[in-house]
Amino acid sequence: MNFELSEEQKMIQQSVERFVQENYDLSNRIKISEEDPGFSKEYWSSMAELGWLGLAFSEEDGGFGGNQIDTLVLMEQFGKGLVLEPFLANIVLGGGSIKRGASQEIKDSIIPSLIDGSLQITLAYAEEQSRFDIEDVATAAREENGGFIINGKKSMVLNAESADKIVVVTRTSGSQVDEEGISLFVVDADAEGIEKENFPTVDGLRASEIIFKDVKVESTSLIGEKDKGFSILQAVVNDAILALAAEAVGAMEVLYKDTVEYTQQREQFDHPLSDFQVLQHRMVDMFMEYEQCKSLLFRATMETVQDPSLSQRTVHALKHLIGKSGIFVGESAVQLHGGMGVTEELRIGHFFKRLLVIDSQFGNADFHLDKFTSL
Amino acid sequence: MDINLSSEDLAFRDEVRSFFEENKIKSGEDYFSWRLGWFEKAREKGGWDVPKWPEKFGGPGWSPTQHYIWEQETAKASIPFDLPFGLGMLAPILMNYGNQEQQDRFLPDIRDRKVNWCQGYSEPGAGSDLANLKTKAVLSDDGTYYTVNGSKIWTTLAHVADWIFCLTRTDDSGIKQQGITFLLFPMKQEGIEVKPIITLGGSHTVNTVHFTDVKVPVENRIGEEGKGWTYAKGLLEHERTGLAGLSKSLVELEQLKDNARSIQRGNGNLMDNSSYRSKVGELEIDLLATEFTELRSLASAAAGGEPGPESSILKLKGTEIKQRIQKLTVEASGIYSSAWGDKGVGPSFAKGGTAGYLNSRYFTIYGGASEVQKDIVAKKVLGLTKGNSK
């Protein structure tokens with residue numbers, strides 16, 4: 001067993017760290033977030049130029065042949081700056097679906113443009129009734145004249161505002177909650193019958209509700225086999241959980257360190273706050289949660305790289321712990337910063353919001369505890 | 001011990017209910033004229049417009065049980081909004097420490113809801129350690145007015161307040177609890193600048209307030225110069241017991257359950273989910289206990305004048321309960337909890353739920369952070385003296 005990153009991974013880690021330090025102070029982040037399209041196209045191009053967008057794609061697809069550990073390295077550093085660029089939506093969700101099941105023709109038409117940053121994609125999976133159950137899919141794809149007609153509504157679709165392509169999870173057979181009978185299609189975001197309602201999210205990102213009304217797709221747009229899309233979706237969601245967990249670990253590190261620093265500076269009752277034992281212990285708890293999350297992140301990621309068919313339980317464990325600990329660390333950071341912690345003026349509040357959103361994505365702490373204990 | 005309400009108390013409850021029923025806002029009625037009319041009618045009932053004021057100042061002189069009934073019924077009824085600053089915070093100070101002239105000048109307008117007050121206590125360097133405040137008030141040579149300079153922070157609704165009651169420093173030669181002077185002055189005057197602070201929930205309720213050479217006539221000073229801390233301390237305790245808000249939490253808990261039941265899961269709903277249901281159950285158990293802690297506290301206050309030791313935990317438990325209700329609302333909203341802004345996607349209760357949760361983090365910070373509250377309980381109730389804070 002070895003926890004050392006490779007030389008290349010260390011170099012990438014340092015370069016992402018530098019990128020975040022140079023570009024992601026709070027005021028710049030707020031500015032980028034508030035202006036359309038909600039991220040910096042310039043930064044996105046830089047990320048492409050630096051090769052970060054191609055890390056997780058195979059060499060045959062034009063990438064660098066990396067795996068989830070490379071994504072971990074990126075996302076942990078992104079988490080330290082609350083990076084807004086849509087890496088998760090494009091590379092992990094959209095790109096992750098394409099690379100796992102799409103025909104060579106679709107891969108060739110999409111992956112190189114994802115890697116060079118010229119194409120934006122996303123994954124539309126959640127629905128109004130589905131809550132956190134990814135197999136709960138009502139959006140229907142009905143076969144007609146050799147193609148498919150899609151009808152339904154998708155919720156909380158990340159990056160849809162900027163997406164050129166949407167991978168949409170549909171039901172082609174079975175009942176609404178069957179794993180069997182789920183099919184993935186890639187469609188043009190401006191196809192006839194697609195209607196988007198865009199809105200900001202709590203963490204300063206963007207999401208959309210999308211209505212599909214009689215949207216026509218060719219059968220060649222199918223990703224993987226018809227009715228067999230669930231295993232692709234599951235693998236993509238697991239990758240997304242690993243990526244979000246890495247981002248959360250980065251965010252938790254900032255929160256506990258900022259809190260330690262603040263309590264050493266802030267004086268009340270003629271002492272720095274850090275002199276008070278009750279606050280020291282709270283910070284030790286924050287630190288412990290951060291370290292435990294990091295350990296479980298490494299464990300789940302390494303197990304997935306080794307054999308994804310054996311890592312499902314650990315992935316559930318990870319998302320549970322990240323949700324619970326992330327909110328604990330966020331709430332504690334706010335509490336220890338006092339009134340200042342509840343304002344938009346310090347960065348800790350923004351990190352807290354991101355951790356809160358991460359808990360609500362791909363299943364919250366309760367959901368994954370149930371999954372973990374039932375496996 | 002008897003848990004039953006007496007027949008008099010039951011009659012009182014019915015009277016309160018029918019008062020609320022008869023005076024509900026009618027469709028098309030102007031809110032603000034309804035509000036003022038409502039308080040007028042409440043006044044005619046015998047001080048129902050100022051339930052917590054002593055009889056001597058026009059209050060109803062209710063028993064603890066009657067106060068409890070009132071709080072329960074107001075949490076459920078639709079009654080006009082009210083602000084605590086003048087009515088619940090400043091008024092008791094005026095009654096206890098203000099002179100006759102000050103009482104005559106300020107209390108009627110507070111009672112008539114004519115003047116909005118804000119509280120100038122916390123400062124950038126004086127949060128939990130409130131006595132560390134530095135806003136300076138210097139008495140003029142002729143002894144007729146003070147000149148105030150300094151800054152206040154977290155001043156709730158300062159941007160709509162007409163007047164402020166303000167702690168200032170007139171002497172820094174002794175220990176910091178000495179040399180604090182309690183002044184009242186209008187907010188809309190030269191030398192006062194109010195700047196908004198936007199909280200995590202995206203709302204503007206609190207402010208920073210800067211004073212530059214603000215002149216305050218000496219007759220606007222409450223009590224003696226340098227004794228302001230003593231006056232404010234009594235008020236702080238008043239504020240702390242008023243922050244529990246348990247009746248409201250009970251109503252919100254029922255709403256929370258309804259919301260969770262509206263989320264369909266399989267053949268049931270979110271309340272059938274064992275993890276979620278356990279958390280709601282634990283919350284309700286805490287509320288049942290805390291509600292009786294509050295009743296015991298009210299009863300002992302009525303019997304002996306001083307609230308018993310149990311009252312010291314009310315703010316701690318009450319604020320924590322409110323935060324847990326908010327958190328469970330966020331959880332019930334599921335994926336939609338991350339939507340932001342006015343648009344509102346997902347179930348109707350999801351809109352604003354996360355903003356409410358984020359702002360609720362303030363509950364365990366303002367009016368004395370929970371850590372400071374526990375220090376006070378340790379020292380005052382348990383007699384543990386070896387703490388750093390006071």
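Two residues are in contact if their C-beta atoms, placed from the backbone, lie within 7 Å of each other. The model is predicted, so that local features need pLDDT of at least 70 and side-chain atom pairs count only at pLDDT 80 or more, while totals for chains, interfaces and linings use all residues. Residues are numbered from 1 along each chain as its sequence is written, and chains are lettered from A, with ligands numbered from 1, in the order in which they are written.

**View 1. Surroundings of A:Ala248 in the largest nonpolar core.** Leaving aside neighbours within four places in sequence, A:Ala248 is in contact with A:Gly79, A:Cys293, A:Ile322, A:Gly326, A:Leu355 and A:Ile358. A:Ala248 also belongs, with A:Phe185, A:Leu233, A:Ala240, A:Ala245 and A:Leu318, to the residues with the most contacts inside the largest nonpolar core, which has 124 residues. Helix 7 of chain A (residues 230–265) gives the most to this core, with 19 residues. Such a core is a set of buried Ala, Val, Leu, Ile, Met, Phe, Trp, Tyr and Cys residues joined through C-beta atoms within 7 Å; a residue is buried if 20 or more other C-beta atoms lie within 10 Å of its own, exposed if 12 or fewer, and partly exposed in between, with C-beta atoms placed from the backbone.

**View 2. Helix 7 of chain A.** Helix 7 of chain A has 36 residues and reaches 52 Å from its first C-alpha to its last, close to the 52 Å expected at 1.5 Å a residue, where the expected span is 1.5 Å times one less than the number of residues. Because 27 of the 36 residues of helix 7 of chain A are buried, this helix is largely enclosed by the rest of the structure. Chain A has 11 helices and 10 strands, which are DSSP runs numbered from the N terminus (helices H or I, at least four residues; strands E, at least two).

**View 3. Domains 2 and 3 of chain A.** Chain A is divided into domain 1 (7–119), domain 2 (122–227) and domain 3 (231–374), with bounds that come from an automatic or database domain assignment. Although the C-alpha centres of domain 2 and domain 3 of chain A lie 30 Å apart, 12 residues of domain 2 of chain A are in contact with 11 residues of domain 3 of chain A. The side of domain 2 of chain A that touches domain 3 of chain A has 9 nonpolar, 2 polar and 1 charged residues, where Ala, Val, Leu, Ile, Met, Phe, Trp, Tyr, Cys and Pro count as nonpolar, Asp, Glu, Lys and Arg as charged, and the others, Gly among them, as polar.

**View 4. The contact between chain B and chain A.** The contact takes 33 residues from chain B and 36 residues from chain A. On the side of chain B that touches chain A, strand 6 (192–198), strand 9 (264–265) and helix 8 (274–304) of chain B each supply at least two residues, and the residues of this side divide into 14 nonpolar, 13 polar and 6 charged.

**View 5. Domains and burial in chain B.** Chain B is divided into domain 1 (7–82), domain 2 (116–226) and domain 3 (242–381), and 33 Å separate the centres of domain 1 and domain 2 of chain B, taken over C-alpha atoms. Buried residues make up 37% of the 390 residues in chain B, and the corresponding share of the 375 residues in chain A is 54%.
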